[in-house]
Amino acid sequence: MLTILADTRACKESAGQMAVVRNLAARNHLHTAGPVSRYKRGMHFYEPSKGHGLPHDPFNAIVGPRPIGWISSLGPDGVANLAPYSFFNGFNYHPPIIGFASIGYKDSVRNIEASGEFAWSLVTRPLAEAMNASSAMVPASVDEFTLAAVTPAASTLIKAPRVAQSPVSFECRLSQIVQLQSAAGDKIDTWLVLGEVVGVHIAPWTLVDGVYDTAAADPVLRGGGPADYFGITAQQRFRMKRPT
Ligand SMILES: Cc1cc2nc3c(=O)[nH]c(=O)nc-3n(C[C@H](O)[C@H](O)[C@H](O)COP(=O)(O)O)c2cc1C
């Protein structure tokens with residue numbers, strides 16, 4: 001009896017979800033008729049701990065596109081380190097705080113924990129290939145600015161250099177390193193590095209009447225899969241104010 005009730009509720013929920021999908025599709029002028037692939041029959045539900053059951057893990061493609069944290073730091077030996085991190089975002093306005101997650105305790109985390117500072121530089125379309133080159137798994141003794149053929153520019157408040165070719169850079173002081181844990185409380189070998197932005201460099205051409213123009217800067221965003229990236233254009237912008 002309980003199973004029947006649960007099944008009935010699941011059917012109702014599923015029907016409700018399909019109605020939402022149809023409504024959204026209609027609103028977005030999408031086609032819902034025609035042959036239905038096995039992935040389109042109802043909602044695909046999975047528990048990540050048991051596998052996603054799809055040809056590719058959709059997580060990165062769903063939580064995307066993501067801005068890229070192009071992080072530079074200085075090693076104890078003075079060698080500059082540069083690496084991209086797409087588990088990256090801003091977390092606070094005042095003071096501004098940014099953070100990235102290192103899956104494994106990588107050189108960037110080691111350097112930042114030791115030096116207490118790092119810089120972030122915006123990856124733009126002309127810098128995409130250099131950003132990618134800087135992700136190579138190389139020993140800490142290799143200067144990734146040289147590897148990626150970009151120029152280190154001296155920062156104003158911190159010792160770690162920023163990328164001279166990038167139109168926007170933040171100078172950051174380490175505020176926290178948090179080791180992530182699962183819902184069960186098990187420690188994960190992933191390290192969330194958070195830093196307060198103490199200095200900001202902005203190229204004047206990204207400012208239109210003094211307002212930073214996100215699309216004009218031509219940022220590169222990371223999508224899913226092994227190789228997907230996105231750009232943005234002014235045409236994709238729409239405006240919506242918060243309810244008062
Ligand atoms: C676009 C892009 C995004 C990446 N995002 C991450 C990330 O969020 N976390 C991570 O641990 N590695 C990420 N990587 C891989 C690191 O960049 C790579 O492991 C690098 O060698 C780390 O350098 P480091 O040891 O000098 O810090 C990313 C690579 C690319 C190309």
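Predicted model: local features only at pLDDT ≥ 70, side-chain atom pairs only at ≥ 80, totals over all residues.
Local features are given only where pLDDT is at least 70 and side-chain atom pairs only at pLDDT 80 or more, while totals for chains, interfaces and linings use all residues. Residues are numbered from 1 along each chain as its sequence is written.

The protein chain has five helices and 14 strands; these are DSSP runs, numbered from the N terminus, with helices being H or I of at least four residues and strands E of at least two. Of its 244 residues, 23% are buried, a residue being buried if 20 or more other C-beta atoms, placed from the backbone, lie within 10 Å of its own. Among contacts with a separation of 6 or more, 62% are between residues 24 or more positions apart; two residues are in contact if their C-beta atoms lie within 7 Å.

The largest nonpolar core has 31 residues. Such a core is a set of buried Ala, Val, Leu, Ile, Met, Phe, Trp, Tyr and Cys residues joined through C-beta atoms within 7 Å. Trp 70, Ile 71, Ala 119, Trp 120, Val 123 and Met 131 touch the most other members. The elements that each supply at least two residues of this core include strand E2 (69-74), strand E6 (117-121), helix H4 (128-133) and strand E9 (168-181). Beyond its neighbours within four places in sequence, Val 123 contacts Ile 68, Trp 70, Pro 84, Ala 128, Met 131, Pro 219 and Val 220.

In E6, five of five residues are buried. Glu 117, Ala 119 and Ser 121 point one way, and Phe 118 and Trp 120 the other. E6 pairs antiparallel with E2 over three bridges, where two strands pair if DSSP finds at least two bridges between them. Ala 119 is the bridge partner of Ser 72. Five bridges join E6 to E9, also antiparallel, and Glu 117 stands opposite Arg 173.

Elsewhere, three strands form an open antiparallel sheet in the order E1-E13-E14. Its edge strands are E1 (66-67) and E14 (229-230). Two bridges link E1 to E13 (residues 221-222), with Arg 66 partnered by Arg 222.

The ligand is surrounded by 17 residues, the closest being Ala 83, Phe 87, Lys 106, Asp 107 and Ser 108; a residue is near a molecule if its C-beta atom lies within 6 Å of it. Strand E3 (80-85) gives the most to this shell, with four residues. Strand E5 (97-103) and helix H3 (107-115) each supply at least two.

Terms used. Buried ≥ 20, exposed ≤ 12 C-beta atoms within 10 Å, placed from the backbone.
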